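This report describes a model with its sequence and structure shown below.

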Amino acid sequence: MQYAEPIDNLIKAISRLPGIGEKTATRLALYILNAKKEYVEELAANLLGVKEKVALCSVCMTFSDTDPCVICADAGRDAEIICVVSDYKDMMALEGMGGFKGRYHILHGNLAPLKGIGPEELRIRELLARIESQGIKEVILATGFDAEGESTSAYLAKLLKPYNIKLTRLASGIPVGSYVEFMDGATLGRALEGRREVS
Amino acid sequence: MKRGLYRAEAVVLNSLDYSESDRILTFYTLEHGKIRGIAKGARRSKKRFVGNLDPTSHINLIFFHSEKSELMRVEEAHLIDGFNNLKVDIDKLSQACYLIELVSEMTREGQAAPQVLHLLVNFLKMLDDGGEDCLLRFFEIRLLAILGYLPHLSGCVTCRQPLSADSKAYFSSEKGGAVCKKCSFGAGSVIPISLGTAGFLSMAAKFDTAKLGRLKPNAVFLEESERILYDFIKHQIGKELKTKKFLDKMRNASL
């Protein structure tokens, strides 16, 4: 016995979402089937809404429903500091911290030789255009600290050197709230290398 | 392999994100050849694997194998050499990635060839120490030789006559070696090859890895070798390598 065709189609569509297998998809589909019609209408409208209303901000390349995005349009933020991140989630994490008052640039990925992702696939050209036209003073490289993130940062550092601006990289080392004795060698090495003067 | 815990010396060939916090990995091991495994919680845990499972890392691996699953369960990974210089230079990293993709594509699971791991580790080390571009060509020819794919270069692969200096010679990936002008008709698509390049490649295939630095091929030989070897490799594995495309992209971007 098979599910009725519309239900089966919904299950198949849901199971294409990341991290969702057929069992979970079936559970979600049946929930939707039993849910109130208003809820389902709202869900459908929201699904379409993100596709129709959200586009890339023409300045920083973040996902936004306005152009420029809220951050780029905020005159209270320092337009001379750009924090370069690999993706939208990274930007949201930094924003969540709340202490950064500059602007962002989202690359939408990292250089990844094994996946065939080169500089052309990232939003690097847009970053260069910004630096050339907007009088940027500092670029903070905030890509990840895995091999891909590190090499992307190193590539950008090389590329941006001729522009004669301040280039900084996020610190890496011992996380807040942890102990020296439990750290691995690589992390400790980094922490020691990036030590700073106090007082 | 029987069910149980195993220890192996390995190089990480590939790493794919899987589900919420896991990674699916491909290794080339000294003891068991190419194997695939899953590292549970590898993306979340700060302590367990740190950066040890990044592609190109040379590690001591402890894994659990059971007949029920195709994937080994990665239990521990201890770093032998992370080749850290590679990770801060995209050109070097992409060359290293080319080596590991080549190994990954040219080998099959369940066939152990310890020389492959030694070769890979040696060349990663040389790249890490700032080796030159010609390393990639040496690696290709050596890997082909170890795996039994070495093309025939000392004479025409069809008529077995030695290549002569006064008539043109070609390379045919389909025939698996050099062909003389006469035999090149009907040998499919062929690439011109000079006697010098043919000589250089057959020498590089036999040379002791430690002494490779003594071979100083000129740019013409290298360029010809690159074209010929890649065409041959592409013919063997039946597809393009992603990292090769990446290398070409980077080369064009820097112009």
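Phe83(B) is buried, with a relative accessible area of 0%; buried means under 20% relative accessible area, exposed over 50%, and partly exposed in between, with a 1.4 Å probe and protein chains only. Phe83(B) sits in the loop between β5 (72-81) and α1 (84-87) of chain B. Its phi is positive, about 45°, although Phe83(B) is not a glycine. Helices (H or I, at least four residues) and strands (E, at least two) are DSSP runs, numbered from the N terminus.

The structure is a predicted model: local features need pLDDT of at least 70, side-chain atom pairs count only at pLDDT 80 or more, and totals for chains, interfaces and linings use all residues. Residues are numbered from 1 along each chain as its sequence is written, chains are lettered from A and ligands numbered from 1 in the order in which they are written, and side-chain values use heavy atoms, with hydrogens and water left out.

**Backbone geometry**

Another residue with a positive phi that is not a glycine is Arg160(B), at about 65°. Arg160(B) belongs to the loop between α4 (134-146) and β6 (169-172) of chain B. Is Arg160(B) buried or exposed? Arg160(B) is exposed, with a relative accessible area of 56%.

In chain A, the peptide bond that joins Asp67(A) and Pro68(A) is cis, with omega about 0°. Pro68(A) lies in the loop between β2 (63-64) and α4 (70-73) of chain A.

**Nonpolar cores**

A nonpolar core is a set of buried Ala, Val, Leu, Ile, Met, Phe, Trp, Tyr and Cys residues joined through side-chain atoms within 4.5 Å. The largest such core has 80 residues, and the members that touch the most others are Tyr98(B), Leu99(B), Leu120(B) and Phe139(B). Helix α2 (residues 90-106) of chain B gives the most to this core, with 10 residues.

Contact means heavy atoms within 4.5 Å. Leaving aside neighbours within four places in sequence, Tyr98(B) has contacts that include Leu136(B), Tyr230(B), Ile233(B), Leu241(B) and Leu247(B). Arg137(B), Glu140(B) and Lys244(B) are also among the residues in contact with Tyr98(B).

**Salt bridges**

A salt bridge is a side-chain nitrogen of Lys or Arg within 4 Å of a carboxyl oxygen of Asp or Glu. Over all chains, a search of the whole structure finds 23 salt bridges. The table lists some of them.

| Glu120(A) | Arg125(A) | 3.1 Å |

In the pair within chain A, Glu120(A) is exposed at 53% relative accessible area, and Arg125(A) is exposed at 57%.

What does the pair of Glu105(B) and Lys239(B) tie together? Glu105(B) lies in helix α2 of chain B and Lys239(B) in the loop between α7 (219-237) and α8 of chain B, so the pair ties together parts that are 134 residues apart in sequence. Glu105(B) is partly exposed, with a relative accessible area of 27%, and Lys239(B) is partly exposed at 40%. Salt bridges that share partners also join Arg137(B), Glu140(B), Glu226(B), Lys244(B) and Arg251(B) into one network.

**The contact between the chains**

The size of an interface is often given as the accessible area lost when the parts come together. Buried area is the accessible area (1.4 Å probe) that two parts lose on being put together, summed over both. Chain A and chain B bury about 1700 Å² between them, 73% of it on carbon and sulfur atoms. Pro113(A), Leu114(A) and Ala147(A) supply 39% of the area that chain A buries against chain B, more than any other three residues. The contact takes 21 residues from chain A and 22 residues from chain B.

Across this interface the rule finds 2 salt bridges. One of them pairs Glu121(A) with Lys249(B). Lys249(B) is in helix α8 (residues 242-253) of chain B, and Glu121(A) is in the loop between β4 (103-106) and α6 (124-133) of chain A. Lys249(B) is partly exposed at 24% relative accessible area, and Glu121(A) is partly exposed at 42%.

Helix α7 (residues 147-160) of chain A gives the most to the side of chain A that touches chain B, with 6 residues.
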